[in-house]
Amino acid sequence: MMPVQVKLPTLLRSHAGGQARIEGEGSTLRELLADLEARHPGLTRNFLSAEGELHRFVNIYVNDEDVRYLGALETEIRTGDIVSILPAVAGG
Amino acid sequence: MTERQFTEDEVLRYARHIILPNIGGEGQRKLVGSRVLVIGAGGLGSPAAMYLAAAGVGTLGILDFDRVDVTNLQRQLLHDTADVGRPKVESAKERINELNPNVEVIAHDVALTSENAFEILEGYEVIVDGTDNFPVRYLVNDATQMLGKPLVYGSIYQFEGQATVFLPGRNVPCYRCLFPEPPPPGTVPSCAEGGVFGVLPGIVGSIQAVEAIKLIVGVGEPLVGRLLLFDSLAMEFRTVKLKWDPDCPVCGEHPTVTELIDYEQFCGLAPGQAPPEAERAALAHE
């Protein structure tokens, strides 16, 4: 399985050694996030609830599509996809 | 209705717009007759208000309850060193009128609440959101949706920014289609806690001015249904799709939010407490 690129927002980079882009593997988003958590412990609890569901103030995009309109955490991930995690920010 | 004639000063001042295809005399007349409210005279509100004023927006409302702090000067170009301690709307009004005395600036030296939001927003045709906190962002979104007004959204954190335009009605997304609920207290740091790259709001606020002008003039493709993401460190702009959510609590098929909500308590701020103090308190508790 080819690794998938995951873009992290500034807010989450400290959980991944300061990296803006990390890699992970999985055929669904849920698998990918589990793999990311294994590689970067503590990362996913910033946007997943204790029940493992996506918080409503964080969106995940596969390429330019919001996964809430695809298959949510069951969204299939393919080689070459770019996954982006986008938390709500309010600064002005 | 007879068309308003430009004064001699206006013809010269706006000459580069008037000769521009897609704006022209007709577009400039729309700008001169327009009424725009900029919420927040800070990092985003500064460039947005200054470009809108320079462009000749006839009536420019500036809403901010805060006073100029020396830490604002690194990015909030509406205010000068000598303005520290003054109400932001006061120094904003002065700066805007130095830039363009033809603009009528209406200073709203208040905090936006569920009590005054409709009354204030009603007087404007386009609303620009340059506020710095979630409670007001949700309030502004809900109020513009309920009033049927376009909202030009921008938001920043550290080195990254987001911008989009929310229009009222079904089949077009609003802020709650993007993020249905504000994050719980303490989960997302503020600029005061996380810092902000000073030039960043200059870019994002300028994009908000572009979108407001496009809406007024009726030119181009508005940034609707697309969320623009800007990463200043990577120097990368991209857009992701933003869709109308039929389950949206405000603009969905069965709205559950039908009146304005003051989210202060939900977001961990005591009612009536000014966000900067709350931010400092949050910082002290870290």
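Helix α4 of chain B is largely enclosed by the rest of the structure, because 8 of its 10 residues are buried. The model described here is predicted.

**Helix α4 of chain B**

- The buried residues of α4(B) begin with a run made up of B:Gly45, B:Ser46, B:Pro47, B:Ala48, B:Ala49 and B:Met50, and they also include B:Leu52 and B:Ala53.
- Among the elements of chain B that cover these buried residues are the strands β1 (35–39), β2 and β4 (126–129).
- The cover also includes the helices α5 and α10 (200–217) of chain B.
- After α4(B) comes B:Gly56, which has a positive phi, near 100 degrees.

**Helix α5 of chain B**

- α5(B) consists of 12 residues, and the distance from its first C-alpha to its last is 16 Å, close to the 16 Å expected at 1.5 Å a residue.
- Its buried residues are B:Lys88, B:Val89, B:Ser91, B:Ala92, B:Lys93, B:Arg95 and B:Ile96.
- In an α-helix there are 3.6 residues a turn, so residues three or four places apart point the same way.
- The buried residues of α5(B) pack against α4 (45–54), β2 and β3 (104–108) of chain B.

- B:Thr81 lies in the loop of chain B between β2 (59–63) and α5 (88–99).
- B:Thr81 counts as exposed because it has 8 C-beta neighbours inside 10 Å, and the cut-off for an exposed residue is 12 or fewer.
- From B:Thr81 to B:Asp69 the separation is 12 residues in sequence and 9.1 Å in space, C-alpha to C-alpha.

Notes:
Residues numbered from 1 in each chain as written. Chains lettered and ligands numbered in written order. Predicted model: local features only at pLDDT ≥ 70, side-chain atom pairs only at ≥ 80, totals over all residues. Helix = DSSP H or I, 4+ residues; strand = E, 2+ residues; numbered from the N terminus. Buried ≥ 20, exposed ≤ 12 C-beta atoms within 10 Å, placed from the backbone. Expected span 1.5 Å × (residues − 1). Contact = placed C-beta atoms within 7 Å.
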